[in-house]
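Morning, everyone. Please look at the model on the screen while I talk. I will go through some backbone details.

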Protein chains: 2
Amino acid sequence: MAKDKKLVEAITSMDVDFAQWYTDVVKKAGLIDYSSVKGCMVIKPAGYAIWENIQKELDRRFKETGVENVYMPMFIPEGLLQKEKDHVEGFAPEVAWVTHGGLNPLQERMCVRPTSETLFCDFYANDIQSYRDLPKCYNQWCSVVRWEKETRPFLRSREFLWQEGHTAHASAEEAEERTLQMLHLYADFCEEVLAMPVVRGKKTDKEKFAGAEATYTIEALMHDGKALQSGTSHNFGDGFAKAFGIQYTDKDNKLQYVHQTSWGMTTRLIGAIIMVHGDDSGLVLPPEIAPTQVMVIPIQQHKEGVLDKAEEIKDALKHAGIRVKMDDSEKSPGWKFSEQEMRGIPIRVELGPKDIAAGKCVLVRRDTREKTECSLKEAATVAAELLKTIQRDMFERAKEHQKSHITEVTSYDAFKEAVEHKPGFIRAMWCGDVECENKIKEETTATSRCMPLEDSQPVSDVCVCCGKPAHKLVYWGKAY
Amino acid sequence: MAKDKKLVEAITSMDVDFAQWYTDVVKKAGLIDYSSVKGCMVIKPAGYAIWENIQKELDRRFKETGVENVYMPMFIPEGLLQKEKDHVEGFAPEVAWVTHGGLNPLQERMCVRPTSETLFCDFYANDIQSYRDLPKCYNQWCSVVRWEKETRPFLRSREFLWQEGHTAHASAEEAEERTLQMLHLYADFCEEVLAMPVVRGKKTDKEKFAGAEATYTIEALMHDGKALQSGTSHNFGDGFAKAFGIQYTDKDNKLQYVHQTSWGMTTRLIGAIIMVHGDDSGLVLPPEIAPTQVMVIPIQQHKEGVLDKAEEIKDALKHAGIRVKMDDSEKSPGWKFSEQEMRGIPIRVELGPKDIAAGKCVLVRRDTREKTECSLKEAATVAAELLKTIQRDMFERAKEHQKSHITEVTSYDAFKEAVEHKPGFIRAMWCGDVECENKIKEETTATSRCMPLEDSQPVSDVCVCCGKPAHKLVYWGKAY
């Protein structure tokens, strides 16, 4: 049992040091490893398998709305990056520059894409001619590079994986519709698949994407009360179209500029899953996204018939459409339990000679540790049902946590008090002036997360910072 | 009908100019577009959908053999690239160098990965400790960069998409076994899914991968008689392990070096599909890989009931598991036929008022243009069967083409004659001396493609070049 203890002891308790707990989990659950490339990580099989499930489900949902996948070059010539003024100002300070190809210096240096608006625009300028070519709803799955100074696995790294959708439309209305459609698609995905409640909202001008007319966001609340921006959807209006000359002839044969959107989700979501659902024993994965949903762990596996019966249960679960594995390694059962818990596998099935003699097995939930006994025959049905229950319960618990971590304030003192002592979202009014936003950020470290779409009940009629008349309700908070 | 003609006329005949025919097809079938980034291409929806199908099927086959997916950084610090001598010599002249991150010069420049052996080795050196950690069978799907001077869509571009598998094993035997297992997996995939016969063989030392002990290859024959290396599998022995210090303690507690392999397939396969199966009307896709397998094209679609019936047929085919679309755009039927042919969709279903009145529809094969009439009720069954037939026939035709393009020669004059006038593989003996290989390449432009694994019948007992005793049978040819 010495080994079992070692595995568990290696995790710092989240109440002692949340940041260290997070780092321990990503390492001990086998999600990532650090690499020799500073600020970049190696995504290991357990981490990548989560990303594959995210990709598969998001991609399916994208395609249902008519999105098609493409692939653009990973390099952006400097001249192309500079075409849209706000965009280049936002990204130029944090890109990696390629200056040599083979043994020769390049005539024009190129950056590794931090995002691909400029490449899509350059492509659309040639590809779109007529209203018949619209809308274009393209997406790509790729990696991007942003030269961050401080990095943390999944949350902020110099290279990360993501998808970036880029659409072009004939009208402003259609672009706004697509922007919101993708925001809600993201939110539904987080809530239904990742069991992670989110606040859907609009960013203030200060927080919007470089070059966008409007940025919408989904904000999730982590276990420590900090917010995590989990997906964004941007409406560019015709700003990029004008900078890149993307025009089409309409039905009346007149030249018009297209209206564009872009939207993205990243491997950051894996960080969100960890920080919303994890506990002091490690990762807790929602069944919908878990690469392995059930681990069958035989007890006293050397006794006759145990492995056979465990295999039988595994096959029955697999047949019922459950992603199941069996751990028949030489490790002790206690060690196997710790590993299954560390890796966040939603259910383990314990099965020993006594259970088999009684025609039973024990199902243990990862999220609550609750044990359910059931007959061997019913194991697959019970497990399938239990996975649904776990998924639902995990969402409800996270929703409850979110609800209980929203503090409404009407004074600046109360605001500062809340930032200090009440982790979570702060619900407060704002006059709309960027000065107040800047002041709040400087003095409290809280930032405006979003102006929520589904909560418009004003807290008061004056700005929490300057006291002037205010109509905008904002969710504020410390953020990752 | 003017427009229909325009679409078809835009393709150069393959007999007139094969290279131009190829370029026309990739553009007109909507597979790629050129980009502002020299030597890099935009993979458009029709091209990327083929890649997605390749990925899906290869990935499934990989995982069946125990392979797990991971993701490594896209950058390689210069010092890491230099650790294995042959490897750096092979790749350094053709990499892109990143010298600045954000506004600052890097302390050590990094290249964008041309392949990731060095990154996997660096990772394995820490990750592998004991024989219990072996084997490691990791793979990644990503893009890589090689600064090519001459580029052609899919065949050779500065950035391309691929998968690269990297495995580590306890013994030399196990590494060799995995190397060959992946070679055969690649070959079976090409033959079963892409309907593309390949020659499985071993590369000569001159042609092997930089740093490998042995390189195995599958070589396919294009319609013009040139060979295309379509997948490679390398056995590294313990060379990289020694350079990177990848050691494990065996069961007797002794330190041992691991034995490694790597293997890759790329978007080049799309080029192969085009050049093996395409014709003067455009792309011809094997049903197994075709994103759309059947296009339903209504005739006189404005007449009552036509669109409804076409929709009904589409639903019936979809229900039968066929990837089907309907073209109900405003274009003329002739234009739609040309487009379906250009895009290589294996079957089109023609359906007009007369057909409907007779309770029939017409199925037209893309590969042979053969028409099959069948009752509307049977359409799905007949189409499903026809897709299988097309897949089989396409393979058989390609196999026949390959067989009829192998020339056996015993003299150097006959060799030169064959290179000049008999496009295809040249089957000839080789003494094993690199001098002869170099001479043949310089004087004839033909290169040694491989020493075939499944064809060991000697042609003669002397080298085709120098006349000295020879035991190695080699397939030679011009290649892409």
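**Backbone details**

Start with B:Arg369, which sits in chain B, in the loop between strand S18 (360-365) and strand S19 (371-375). Strands here are DSSP runs of E with at least two residues, helices are DSSP runs of H or I with at least four, and both are numbered from the N terminus. This is a predicted model: local features need pLDDT of at least 70, side-chain atom pairs count only at pLDDT 80 or more, and totals for chains, interfaces and linings use all residues. Residues are numbered from 1 along each chain as its sequence is written, while chains are lettered from A and ligands numbered from 1 in the order in which they are written.

Back to B:Arg369. Its phi is near 70°, a positive value in a residue other than glycine. Is B:Arg369 buried or exposed? B:Arg369 is exposed, because 10 other C-beta atoms lie within 10 Å. The cut-offs: 20 or more other C-beta atoms within 10 Å of its own make a residue buried, 12 or fewer make it exposed, and in between it is partly exposed, with C-beta atoms placed from the backbone.

Now A:Phe154. Its phi is near 70°, positive in a residue that is not glycine. A:Phe154 lies in the loop between S7 and strand S8 (159-169) of chain A. A:Phe154 has 27 C-beta neighbours inside 10 Å, so it counts as buried.

Last, the cis peptide bonds. One joins A:Leu134 and A:Pro135, with omega about -5°. A:Pro135 is in the loop between helix H6 (117-127) and strand S7 (136-145) of chain A. In chain B, the bond from B:Leu134 to B:Pro135 is cis, with omega near -10°. B:Pro135 lies in the loop between helix H6 (117-127) and strand S7 (136-145) of chain B.
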